[in-house]
Amino acid sequence: MHRDRAISLTAVVLLAATALVGCERGSSAGPGESTAGPSGCPATLAGAKAAVKRAERTDVPWNGPTSGPTAVRGKTIAYVAQTMTNPGVAGVAQGVREAAKVMGWKVRVIDGGGTPVGIQAALSEAITLEPSGIVIGGFDPRATARQVAQANAAGIPLVGWHAVGSPGPSKRPELFTNITTEVEEVAGVSADWVIARSDGHARVVVFTDDSIPFARKKAALIRRGLARCPGVRLLAYANIPIPDAGSRTPQEVSSLLSRFPTTWDYSIAINDLYFADAAPALRAAGKRGTGPPFNIGAGDGDPSAFQRVNSGQYQAATVPEPLSQQGWQVIDEFNRAFSGRAPSGYVAPVHIVTAANSGGATSWNPPGYRRAYRKIWGE
């Protein structure tokens, strides 16, 4: 085998192996995962600082759809939630309700409770309601393959939110479209923020939920982004299922503090909620709210995350999903499906929120989205 190809294949195998670390329910891995070479990464650091500066801009105009079908009347939507304790899932549900009201549609939210059995039951219940469309709200459709097949057979269009790893239509599972920011961009800019803020000398803990394919992919990409800088060391990889975060995160944080009492200075979590649960343990250990560790959430940007960022309480930044806009997009995509049109293809731009650029807000959405969607729908 050609030497370059052998090296490339080895790198792929190693990446796949690291993505599987901690796949059991609630585990952590590390320390000792550091890249070789001298500290510092001048070229990577310069690129990271430029990317962060772009992502922190607040004056980006609406770049979403400006045309599409006018409103179809009399539709009903079932929103099946992975768990309504997940702030991202709940935030999108609120956006769906708000947009549906504009359209004159009815919405039923069914909470899966964060367990496979609960989510399967919730989706089964949604199908029995015979809605016009069903939202796959933040869970892996492959875990509900039988119910998804039933919905497909019944001709009920499915729109996902964080259901699969990429935005846009999906064939397997069959989704009209999936709504999310580009996971590569979110993961990349989160790693860039750590590299830029630490000047390429960070010691990092990554918090994730490997039971969710989208989150597992995001965490793997975060690790890849951090590995671009030899001066950055991954201390630990904490795999905590989101439904267990309230009980498991404080214990994990206490354990990490005992293992790395002075070296842990940065954290990246695939969802902001981990830092809400980490705060009591950090506070009890005498850590200041303004860090270290300096914490950035690579999603979802719920109001409590903004409040922690704005007040300097154990979270320095978030890369928010535009939850309300994505809820409105869910309704717009269904309207396109009901009208026999293709999905819009819109993907919201990546954005970093800090206390310096938030303006005291408790959410972030692309400016002008409500006006744009209302104009499309003729409302």
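Which residue in β8 does G168 stand opposite? G168 stands opposite N178; the points below place this pair in its sheet and then turn to other parts of the chain.

1. Basis of the note. This is a predicted model, in which local features need pLDDT of at least 70, side-chain atom pairs count only at pLDDT 80 or more, and totals for chains, interfaces and linings use all residues. Residues are numbered from 1 along each chain as its sequence is written, and side-chain values use heavy atoms, with hydrogens and water left out.

2. Overall content. The chain has 12 helices and 13 strands; both kinds of element are DSSP runs numbered from the N terminus, helices being H or I of at least four residues and strands E of at least two. Of the 379 residues in the chain, 54% are buried. Here buried means under 20% relative accessible area, exposed means over 50%, and partly exposed lies in between (1.4 Å probe, protein chains only). Among contacts in the chain with a separation of 6 or more, 77% join residues 24 or more positions apart, a contact being heavy atoms within 4.5 Å.

3. The six-stranded sheet. An open sheet of mixed pairing is formed by six strands in the order β4-β3-β5-β6-β8-β7; two strands pair if DSSP finds at least two bridges between them. Strands β4 (106-111) and β7 (168-170) are at the edges and have a single partner strand each, so one side of each is left without a neighbour in the sheet. From one strand to the next, the twist averages 25°. Angles run from 0 to 180 degrees between N-to-C directions, and axes are lines fitted to C-alpha atoms, for helices over the stretch in contact.

4. The partner of β7 is β8 (residues 175-179), and the two pair in the antiparallel sense over two bridges. The opening pair, G168 and N178, belongs here. Helix α11 (residues 323-338) lies across β3 (76-81), β5 (133-137), β6 (158-161) and β8, and runs at about 165° to β8.

5. The loop between α11 and α12 (369-377) contains A342. This residue counts as exposed, at 51% relative accessibility. Its contacts, leaving aside neighbours within four places in sequence, are with F176 and R336. The C-alpha atoms of A342 and G68 are separated by 9.5 Å, although the two residues are 274 residues apart along the chain.

6. Strand β11 (residues 266-269) pairs with β12 (294-297) in the parallel sense over four bridges, and I268 stands opposite I296. Both faces of β12 are covered: F294 and I296 are buried on one side, and N295 and G297 on the other. In the loop between α9 (273-284) and β12 lies P292, and P293 is in that loop as well. The peptide bond from G291 to P292 is cis, with omega near -5°, and the bond from P292 to P293 is also cis, with omega near 0°.

7. Positive phi outside glycine. E130, in the loop between α4 (116-128) and β5, has a positive phi of about 50° although it is not a glycine. E130 is exposed, with a relative accessible area of 67%. D199 also has a positive phi, of about 55°, and is not a glycine. D199 is found in the loop between α6 (183-197) and β9 (203-208) and is partly exposed, at 41% relative accessible area.

8. The cavity. On a 1 Å grid over the protein atoms alone, a cavity is a set of points where a 1.4 Å probe fits but cannot get out, and a pocket is an open set with protein on both sides within 12 Å along at least five of seven lines; lining residues have an atom within 4 Å of a point. The structure holds one cavity of 30 Å³ or more. The largest cavity has a volume of about 130 Å³, a volume being the space filled by probe spheres set on the points, with grid points joined across faces, edges and corners. Its lining has 13 residues, of which N86, H162, I212, F214 and I242 lie nearest the centre. Helix α7 (residues 213-226) gives the largest share of that lining, three residues.

9. The second largest pocket. About 270 Å³ of space lies in this pocket. Of its 16 lining residues, G114, P116, I119, S211 and I212 lie nearest its centre.
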